[in-house]
Amino acid sequence: MVAPWILAACGSSSSSTSGTSSAAVGGATTSAAGSAAVTSGATGTAKSGGTLRIARPPASTVETLDPASSLSAYEYLGALYNRLVKQDASGAVAPDLAASWSVSADQMTWTFVLREGVTFHNGKAFTSADAVYTLQHILDPKTKSPQAGVLSPFLDSSGVSAKDAKTLVVKLKSPNAEFVSLLMNYNCYVIPAGSAGTIGSTGIGTGPFSLVSFKAAGKGTVKANPNYFGGAPKVDSIEFTAIADVQARVNALLAQQVDLVAQTNLDYATSKTVTASGTATTATVKNAAWYVMPMLYTAKPFTDVKVRQAFKLAYDPKEVIDLSIHGLGTVANNNPVPPTDPNYLDYSVPHDPDKAKSLLASAGFSGSQQLYTSSYEPVMSILAQAYQSSVKGAGLDISIQTASADSYYTDVWIKKPFCVSYWYTGRPIDQLLNQIFRTGSSYNESLWSDSSFDKILDSARKEADTAKRKQYYQDAQKILVDSSASIVPFFADRIIGLSKKVVNYKEFGFEFDYVNIGFGA
């Protein structure tokens, strides 16, 4: 799977507009204000030791430990690696391997001062050469990194250089006031210089755990790194078990075979079963994901904008969110940017089944369409059924096809004309809009293309003034709602299952606290 849930988006960033901005340790210049945060979960003193067992959905049967890849095994990445910058709990960009950074007055040159005393798991010292190599690896067309589509419009490999062992300089082709926020993405974990050919299996990073074993779509183990610059982890090791089917993951938790079910949003009924078990409980992340039904722009009937608009007008948002997730979320109105984002545009086109009928008739549409879903994630199939029910009043006959969970994101996603998918929130708005909706992006799941939308995104990237940049982002959102090929019914709270023995689970955006999670003392 190319893991759209990982790529989760909908954060926002807000950069300083002064000539030079910088961040020392603990500070930040940009933020992802729409990021989600854990709202419940056990906290307390964690004892040292033990093995944390995590059940996870596999990215693909050919998943890899290369962070730049579209098929990276996401749950391993935060344990094995660090990025130059990360997101803090408030959504702000915070230091990680970069201790501080500054940008020139023209927003073209970014300078990063790197953290001292950091070593890779193989004992090699981390230097600016590794940071240069990582960015060049992402930008290399042979890598086929999703992040390349975000960075390459304004950054070439030749623009990345090492001023000295602890100073990274990035010279952009065009101004980008949001650049540092884009380095929070999970594709941007730093790897050792020269390791592209082996990193997919070795997993050598600077993170809190080092690799013991890894099997694609199977089991793997990481062990605590006692020399981690952020402090030694509480647990001795983590065992990851890839389980494609959601119910099988939950059953493993209930049978006390695993301690945490990762990247899985429990449906309402399942969450009640978990909390009633006596051995497991749940934790909630508010508006953690947005659900979407991409309509393949290059395939009939969705080549016709009237059909796309009709499919959006045909469903009742309130009915669909209630049926799908018992209202535990927020209506999105076909806009993937959350209302908590400062760049959010409060705009919607009301449910109108009669207008939907008229548009479909005008387009010559028969009224029948197949919708693909999977048991890969529990809300997906429920959403498909809710949409199927809600659009009957507009004369739409939706037939549901349930595809295999373990191949859904390789055989169905971006291949079938109409399917269900989802993304996690937490990404800066520049990355959200460019990576998922821009023409030609490898994560543009609908293959939608609109030159005016792309030009607006270009203008936003160049604009140093926050208010003007916000207007560009809002103009882009209106185009998405009106004519894009994505139906976005709601943002959903994510309910995860974990053992009652686990304490200090904390997750938001692309961040998972691998250091402090452990077992109650």
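# Close-up views of a predicted model

**Figure 1. The largest nonpolar core of the predicted model.** This core holds 104 residues. Phe311, Tyr387, Phe418 and Leu433 have the most contacts inside it. Strand β14, residues 280–294, gives the most to this core: 8 residues.

**Figure 2. Surroundings of phenylalanine 311.** Residues up to four places away in sequence are left out of this contact list.

**Figure 3. The whole chain, for orientation.** The chain has 16 helices and 23 strands. Its radius of gyration is 22 Å, close to the 24 Å that the globule rule gives for 521 residues, so the chain is as compact as a globular protein of that length. The C-alpha trace spans about 65 × 60 × 35 Å along its principal axes. Of the 521 residues, 59% count as buried. Take contacts between residues at least 6 apart in sequence: 75% of them join residues at least 24 apart. The accessible surface comes to about 17500 Å², and 50% of it belongs to carbon and sulfur atoms. The chain carries 43 positive and 42 negative charges, and their mean positions are 3 Å apart.

**Figure 4. The loop that holds glycine 395.** This loop runs between α12 (378–390) and β17 (397–403). Beyond its neighbours within four places in sequence, glycine 395 is in contact with Lys357 and Gly367. Proline 353 is 42 residues from glycine 395 along the chain, and their C-alpha atoms are separated by 8.2 Å.

**Figure 5. A cis peptide bond at proline 301.** Most peptide bonds are trans. The bond from lysine 300 to proline 301 is cis, with omega near 10°. Proline 301 is found in the loop between β14 and α9 (305–313).

**Figure 6. Positive phi at asparagine 334 and isoleucine 414.** Most residues other than glycine have a negative phi. Asparagine 334 has a positive phi of about 65°. Its loop lies between β15 (329–331) and α11 (353–363). At 7% relative accessibility, asparagine 334 counts as buried, because the cut-off for buried is under 20%. Isoleucine 414 also has a positive phi of about 65°. Isoleucine 414 lies in the loop between α13 (408–411) and β18 (421–424). At 21% relative accessibility, isoleucine 414 counts as partly exposed.

**Figure 7. Contacts of alanine 262.** Alanine 262 has its place in the loop between β13 (260–261) and α8 (268–275). Alanine 262 counts as buried, at 8% relative accessibility. Which residues are in contact with alanine 262, leaving aside its neighbours within four places in sequence? They are Ile54, Ala55, Arg56, Pro57, Glu75 and Arg249. Tryptophan 413 is 151 residues from alanine 262 in sequence and 21 Å away in space, C-alpha to C-alpha.

How values were computed
Residues are numbered from 1 along each chain as its sequence is written. This is a predicted model: local features need pLDDT of at least 70, side-chain atom pairs count only at pLDDT 80 or more; totals for chains, interfaces and linings use all residues. Side-chain values use heavy atoms; hydrogens and water are left out. Helices (H or I, at least four residues) and strands (E, at least two) are DSSP runs, numbered from the N terminus. The radius of gyration is taken over C-alpha atoms; the globule rule is 2.2 Å times the number of residues to the power 0.38. Buried means under 20% relative accessible area, exposed over 50%, partly exposed in between (1.4 Å probe, protein chains only). Contact means heavy atoms within 4.5 Å. Accessible areas come from the Shrake-Rupley method with a 1.4 Å probe; for residues, only the protein chains shown count as cover. Lys and Arg count as positive and Asp and Glu as negative; His and the chain ends are not counted. The place of a charge is taken as NZ of Lys, CZ of Arg, CG of Asp or CD of Glu. A nonpolar core is a set of buried Ala, Val, Leu, Ile, Met, Phe, Trp, Tyr and Cys residues joined through side-chain atoms within 4.5 Å.
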